[in-house]
Amino acid sequence: MKIESEIEKVSSFQHLEMLANQVVEGFISGMHKSPFHGFSAEFAEHKVYNAGESTKHIDWKLFAKTDRLYTKRFEEETNLRCHIIVDNSSSMHYPELKSNQPFYEKKIGFSVLASAVLMNILKKQRDAVGLSVFSDSYEYYAPEKGSDRHHRMLLNKLEQLLEQPKGKKSTDTITYLHQIAEKMHRRSMIILFTDMFQAEEDEKLFNALQHLKHNKHKVVLFHVVDDQTELKFDFDNTPRKFIDLESGEEVSIFADNVKAEYEKRVEGYFKNLALTCAKNHIKYVPVNVGDNFEKILTTYLVEKQNFG
């Protein structure tokens, strides 16, 4: 699934919806080659009839042609409620892109396009979607709805996130995850895009994630990182100044002097995150900026099937 090169550089990000649609269409067309063969029925105007459902909307004409029971889908029908949460702290606006790099090779750009991709697929399935954005404040909240106007409003908000923040914006993940959890009254799938840069204790963070799971919500955590520099610490061995994007704290070091210890600690942190999420029945998925979006979509489809 390769996004066409001529629209990789998005002027004013006005093609966000077009890019998202292209990713989804490419994914759907490739489904027959994947374990999701047959899942494309989810995108049709009908869905398979399940025993025990009302027979009121069965399409008997289609039954006569196919000898299979399908029910008609309607504009107001919503099978799933999904709330997308995006971390918009300063660390998410890393790395600084060169002029020829597409916007989705920055963590916030990747999260924005991934969110737009999920919104596109939710729209095709006539599901309801909401959006929350947080950093050092609760920047934005929209409840789950399925209308075209609502979809456009959320896309406009996502486009605004691609602007570099003015000043340093720290991450207050715990406070705002608790606030978001309080707003979620109806059972939903909650999808969080964050780089997990926070100063708070891990235990408090997972208490907040657990709060998101109340009322039997399903929580998917996409851990967004730049593999090359944040995971592999891949820098040449010249003296460099490293600056914390949120606190402004600086440290000057030779990368080679700390590379082994850095990678060891990061690997341990990732393993601990994955283990703790597994214990708490939270789906944990590390994703690399600039990768294609198959992992995002495949995770969503699997989790939706398991949502029930």
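User: Which residue in E4 is the bridge partner of valine 86?

Analyst: The model is a predicted one, and in it strand E3 (residues 81-87) pairs with strand E4 (residues 128-134) in the parallel sense over seven bridges. Within E4, the residue that partners valine 86 is valine 133.

User: In what order do the six strands of the open sheet stand, and which strands are at the edges?

Analyst: The six strands form an open sheet with mixed pairing, and their order is E5-E4-E3-E6-E7-E10. From one strand to the next the twist averages 15°. Since each edge strand has a single partner strand, one side of each is left without a neighbour in the sheet, and the strands in that position are E5 (138-145) and E10 (283-288).

User: What angle does the direction of helix H4 make with that of E5?

Analyst: Helix H4 (residues 148-160) packs on the sheet, where its contacts include E3 and E4 as well as E5. Taking the direction of H4 against that of E5, the angle is about 155°.

User: How many of the residues of E6 are buried, and on which faces do they lie?

Analyst: In a regular strand, side chains alternate between the two faces of the sheet, so the two sides have to be considered separately. For E6, Met189, Ile191 and Phe193 are buried on one side, while Ile190, Leu192 and Thr194 are buried on the other. Both faces are therefore covered, and the count of buried residues in E6 is six of six.

User: Is serine 188 buried or exposed?

Analyst: Serine 188 lies in the loop between helix H5 (173-183) and strand E6 (189-194). Leaving aside neighbours within four places in sequence, serine 188 is in contact with Arg81, His217, Lys218 and Phe307. Because its relative accessibility is 0%, and the cut-off is under 20%, serine 188 counts as buried.

User: What is the centre-to-centre distance between tryptophan 60 and phenylalanine 63?

Analyst: Because they are three residues apart in helix H2 (residues 60-66), tryptophan 60 and phenylalanine 63 are separated by about one helical turn. The planes of their rings are at 90°, which makes the pair edge-to-face, and the distance between centres is 5.9 Å.

User: The charged end of which residue sits over the ring of phenylalanine 307?

Analyst: Elsewhere in the model, lysine 183 lies over the face of tyrosine 141, at 4.4 Å from the ring centre. For phenylalanine 307, a charged end sits 4.1 Å from the centre of the ring, and the residue concerned is arginine 187.

Definitions and conventions
Residues are numbered from 1 along each chain as its sequence is written. This is a predicted model: local features need pLDDT of at least 70, side-chain atom pairs count only at pLDDT 80 or more; totals for chains, interfaces and linings use all residues. Side-chain values use heavy atoms; hydrogens and water are left out. Helices (H or I, at least four residues) and strands (E, at least two) are DSSP runs, numbered from the N terminus. Buried means under 20% relative accessible area, exposed over 50%, partly exposed in between (1.4 Å probe, protein chains only). Contact means heavy atoms within 4.5 Å. Two strands pair if DSSP finds at least two bridges between them. Rings of Phe, Tyr and Trp (its six-membered ring) pair if their centres lie within 6.5 Å; planes under 30 degrees apart count as stacked, over 60 as edge-to-face and the rest as tilted. A charge sits over a ring if NZ of Lys or CZ of Arg is within 6 Å of the ring centre and within 35 degrees of the ring normal. Axes are lines fitted to C-alpha atoms, for helices over the stretch in contact, and angles run from 0 to 180 degrees between N-to-C directions.
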